[in-house]
Amino acid sequence: MLTKLILLSTALLLGASGLGGPLQTSSPDCTLAGKLSGSCPQADVGNGTVQLEATQEHVGSGDGNFDSGYEADGVAYIPVDDELDSVEEAWCDIQRIECVPWTPPADVATTGPVTISDVASFRPQTPTAGMQPNQWMIVGLDTNFYATTSAHVVDGTLFGGTAQVRFTPIAYNWDYGDGSTATTSNPGKTWDKYRITEFDPTPTSHVYEEPGNYTITLAVTYAAEYRVAGSSWQNVVGTLTIIAPPLTATAGHATTVLVDQDCIANPTGIGC
Amino acid sequence: MPSDASTAPAPTSTFVAPYATDEEALAAAEEAYAEYLRVINFHLNEGVIDEGLLATVAIGDELTGLIESHSRLAEADTRSIGEVRFNDAQLQRYSRDGSLHELLVIYVCEDLSDVYLVNPDGTRVTDEVFSTELAQITFDYSDSAHALRVSDREPWGEKC
């Protein structure tokens with residue numbers, strides 16, 4: 001029996017086993033009802049850019065040290081000293097007032113809008129990027145990219161009180177390494193999860209026109225909300241962008257030939 | 001291998017492709033998606049939840065998601081003004097030799113430009129302005145109902 005097999009002009013077949021991938025999770029409600037009620041994030045992808053209230057950009061591998069003073073939307077929070085000996089002292093330092101008895105965190109609402117800078121010590125999970133095929137692509141065919149991240153809650157301290165910050169991914173910014181970029185509100189997922197066949201287009205797939213080595217970078221933009229002492233979630237002004245560890249991959253040409261047998265099982269078979 | 005009709009094994013699968021051609025499959029999918037949107041628009045317009053009616057157009061995780069979403073809207077007493085429409089249906093895949101599960105996949109252009117949700121007091125639920133969006137729709141085939149059911153709806157986040 002003749003078997004049709006795709007052979008690559010470069011030695012890429014070892015990567016073929018990577019067609020699977022991590023499962024994608026998503027918390028937004030993107031049914032039509034969810035979309036209309038604002039429960040499904042939207043990104044302006046009309047011209048490849050997205051309007052972001054970006055005030056922070058972190059690299060996933062960074063140390064996340066944001067202890068120095070900063071300014072956020074007209075409200076400056078400048079610690080008086082570098083050491084926060086207690087919750088009470090931290091609160092007094094931030095307020096630049098004489099230390100007074102502890103004020104419950106719920107009073108955060110009276111200090112004005114909480115911005116993304118205020119929650120800089122809350123680090124969202126680093127997103128990761130995946131691709132199919134794994135670390136290789138065929139020139140002229142779609143390569144499928146996807147992000148693995150979802151909404152999640154981080155515990156920490158806000159203005160001296162315990163608080164939680166919920167990070168929700170709202171935009172995925174792809175730099176495909178060949179001069180092309182894309183911004184989507186869709187994280188993408190594997191071909192299998194899309195229920196389509198390999199090399200079919202997806203919302204986040206990309207076609208490479210030239211062979212070569214490429215570095216693909218994903219930056220995920222998160223919106224944030226906070227809550228203290230069991231209160232409801234409140235919006236945080238601004239967004240936070242986290243860059244995932246980059247992917248490196250090789251693009252090559254493909255040729256379709258007829259072979260006598262499975263070339264992986266019998267590499268010396270006719271046509272292999 | 002020489003064939004021998006007298007010893008040929010009986011077919012082990014009962015799968016029979018319900019549509020003879022891609023065109024026929026696409027037409028059936030368009031009709032099924034129109035019915036799906038009719039039911040969704042009914043739920044949005046009336047602010048109700050009718051699980052039995054939803055089950056006539058959706059199945060599996062898609063049905064579960066619809067029930068959850070429309071239950072939330074019904075509890076909040078929100079309803080829609082206008083209707084969701086679609087056009088430009090294109091066949092992505094029609095599997096003639098597989099199973100009735102995920103039999104058909106199409107792309108459609110959904111139009112949400114003339115629809116929005118309102119609260120009981122008539123105010124809009126969100127100020128977001130919606131337009132068109134490309135979506136990928138997967139269908140299972142119900143052998144008992146002789147009809148397609150939406151088993152997955154995947155918005156691409158792109159205008160169309």
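User: What makes E5(B) and E6(B) a pair of strands?
Analyst: This is a predicted model, and in it E5(B) and E6(B) are joined by eight bridges in the antiparallel sense. A pair needs at least two bridges, so these strands count as paired. One example of facing residues is B:Phe139, which stands opposite B:Val150 in E6(B).

User: What lies between E5(B) and E6(B)?
Analyst: Four residues, and with them the two strands form a hairpin. In that turn, B:His146 has a positive phi of about 50°.

User: What makes E5(B) mostly covered?
Analyst: Eight of the 11 residues in E5(B) are buried. E5(B) also pairs with strand E3 (residues 104-111) of chain B, antiparallel and through eight bridges. Within that pairing, B:Val108 has B:Ala135 as its bridge partner.

User: What is the order of the open sheet in chain B?
Analyst: The sheet has four strands in the order E2-E3-E5-E6, with antiparallel pairing. E2 and E3 of chain B are held by seven bridges, and B:Arg93 is partnered there with B:Val105.

User: Why are E2 and E6 of chain B called edge strands?
Analyst: Each of them pairs on one side only. From one strand to the next, the twist averages 30°.

User: Which strands does H1(B) touch where it packs on the sheet?
Analyst: H1(B) touches E2, E3, E5 and E6 of chain B, and its direction makes about 140° with that of E2(B). Buried residues in H1(B) include B:Ala29, B:Tyr33, B:Tyr36, B:Leu37 and B:Ile40. In general, residues three or four places apart on an α-helix point the same way, because there are 3.6 residues a turn.

User: How do you know that the length of helix H1 of chain B agrees with what it should span?
Analyst: Helix H1 of chain B has 25 residues (22-46), which at 1.5 Å a residue should span 36 Å. Its end C-alpha atoms are 36 Å apart, so the two agree. After H1(B) comes B:Gly47, with a positive phi near 65°.

User: How many residues does each chain bring to the contact?
Analyst: Chain B gives 31 and chain A gives 22. On the chain B side, H3(B) supplies the largest share, five residues. By class, that side has 14 nonpolar, 10 polar and seven charged residues.

User: What makes E8(A) and E9(A) a hairpin?
Analyst: The two strands pair in the antiparallel sense over seven bridges, and two residues lie between them. A:Phe159 in that turn has a positive phi of about 50°. Across the pair, A:Val153 stands opposite A:Arg166 in E9(A).

User: And how many helices and strands are there in chain A?
Analyst: Three helices and 15 strands. Of its 272 residues, 34% count as buried.

Key
Residues numbered from 1 in each chain as written. Chains lettered and ligands numbered in written order. Predicted model: local features only at pLDDT ≥ 70, side-chain atom pairs only at ≥ 80, totals over all residues. Expected span 1.5 Å × (residues − 1). Buried ≥ 20, exposed ≤ 12 C-beta atoms within 10 Å, placed from the backbone. Contact = placed C-beta atoms within 7 Å. Nonpolar A, V, L, I, M, F, W, Y, C, P; charged D, E, K, R; others polar. Axes fitted to C-alpha atoms, helices over the stretch in contact; angles between N-to-C directions.
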